[in-house]
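Hi,

Here is the structure I said I would pass on.

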Amino acid sequence: MRRLAAALAGAAFVPALLATGAAPAAAASIGHAHITLVRGAAGNTVTFTTTRTGESLLDLSAAAPGADWGKAGAESAVVSMSVDGKYQSDIVIPSAHPIAREFALGGLAAGRHTLTFSFAGDRTPAGVRRAVLTDLHVRTVPTDDPDYEFLRFAPVIYGRNLADYGGQYASSFTDAPLVAWHESAPAATPGHKVLTYSVIWSNEDGGTNTPALMARWGRTTDIEWVYSVEIDANGNRVPGSDTYQGASHVTQHFAGTYEGDHALIETCTSNNNICDNVTDPMRFALSYDETLPADHPRESIMDAHPWTYQVTAEEMVREGKIENPGDPATAEVGDERNYLFLTVKKDQLPVGDTTSGVSVEVTLKGSPTVYRSDHLGTGGDPTWSLTRDVPASSTVELPAGTTADDIATIKLVRVPIGVDAGTTIHTTSVTRGFFLGSDYLPQDGFLDWHGSVDLTPSNPTATIYTS
């Protein structure tokens, strides 16, 4: 849990420094740490030993020669993993290059155990025939460790199985669950706490339209909380307290099946909302080990896993959701490498007022053209401005080839939405300013502004960056 917090807390955003992928010192290497799996061939079984009873996690590096998430029919290889002979998780491998991943093995007693990996030909696109797993390490969080409780109740999420969106096995090529994390907060009952679990998918086929997604959320992945549970002072589930985010983002009480203490849930809508009955043959025992540091946007989880930017960008291209050639003068989403990614921290005064939001304006050296995150004047909408009072991410589309050195100014702009109630927008930071490189991976950040500006009807703009 502490790895992400340590990487992010108190530091300017530098993506290259966040992808640690390092196994903790307590992790034990697995014999035969280089595993090659071939379509149609037998699987590979390895053994490991846990010295204490607890929740176990598997760290590994996964690659699939010939896989390309941006190429139809060769999007990924899927490896199915079993623990002590029981199916535990699918591993979707979207790249020919190794990617560091982590999965939950569930609750295991101290002793010797087996892991079996099989090339899942029934759910792997036809164009991929091999998968390679390396750097395998298992670590166990024992029952007396403070981190045990959030691993104990972490859900297992099944893939999406909708006829209009690819049917069964669709998670091998679209809207795949990539990474996950947990958050903990005090409950209303003293001594109790609420654990909330969230997932990042590669995209959402339904829900918010893509231009608004980039303007209001600063990404084309889908990020949703999926499951929440209250635990008492003894670390046990409060009966009837667990909920999930159902269709239309409505919170529902969980009435499904548990595997030990792990709720079984399923992605069941086009915009990745959840059901508590499972029907898809694919399942994902993601690791929820990481947590979100205070005052960081949810996209910080993506920053710690830079490959997620690559996967979502490639899916957008493959599914024809990218304007080609891209044009900042239209609201349509262009090549994601042409966007400035950033996060704004602000407060609306009075609290909760959403009659105005804030957008970001960029000008380039030697040009009078203004580029806006909400695309107002070029097909956008005032509702694409940022209104939420949490660190909120956004993007600004710029001409192809733009770099940080080309930027002249970055401004914050107050945007009335409907009837202007005179809201004051108090802004305290603009951070995570970065571009994607030619490989769609985040480049080093250059924008890390902290200050105090009030945007009002009489003073609606503020410059927070000049070259």
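This is a predicted model: local features need pLDDT of at least 70, side-chain atom pairs count only at pLDDT 80 or more; totals for chains, interfaces and linings use all residues.

Let me start with a definition: on a 1 Å grid over the protein atoms alone, a cavity is a set of points where a 1.4 Å probe fits but cannot get out, and lining residues have an atom within 4 Å of a point. Grid points are joined across faces, edges and corners, and a volume is the space filled by probe spheres set on the points.

Residues are numbered from 1 along each chain as its sequence is written, and side-chain values use heavy atoms, with hydrogens and water left out.

On to the cavity. Searching the whole structure turns up one cavity of 30 Å³ or more, and the volume of the largest cavity is about 50 Å³. Its lining includes Pro211, Met214, Tyr339, Arg372, His375 and Glu397. Helix H3 (210–217) and strand S23 (392–397) are the elements that give two or more residues to that lining; helices (H or I, at least four residues) and strands (E, at least two) are DSSP runs, numbered from the N terminus.

Next, a sheet. Four strands make an open sheet in the order S3-S8-S5-S6, with antiparallel pairing (two strands pair if DSSP finds at least two bridges between them). At the edges sit S3 (44–50) and S6 (86–93), each pairing on one side only. S3 and S8 (residues 111–119) run antiparallel over seven bridges, and Thr116 in S8 is the bridge partner of Thr45.

The loop between S8 and strand S9 (130–142) holds Arg123. Is Arg123 buried or exposed? Its relative accessible area is 10%, so Arg123 is buried (under 20% is buried, over 50% exposed, in between partly exposed, with a 1.4 Å probe and protein chains only). Beyond its neighbours within four places in sequence, Arg123 has contacts that include Tyr87, Asp90, Tyr169 and Met282, contact being heavy atoms within 4.5 Å.

Last, the cysteines. The whole structure has one disulfide (a pair of cysteine sulfur atoms within 2.5 Å). It joins Cys268 and Cys275, with the sulfur atoms 2.0 Å apart. The torsion about their S-S bond is about 85°, so the disulfide is right-handed. Cys268 counts as buried at 16% relative accessibility, whereas Cys275, at 24%, counts as partly exposed.

Cheers

Methods: On a 1 Å grid over the protein atoms alone, a cavity is a set of points where a 1.4 Å probe fits but cannot get out, and a pocket is an open set with protein on both sides within 12 Å along at least five of seven lines; lining residues have an atom within 4 Å of a point.
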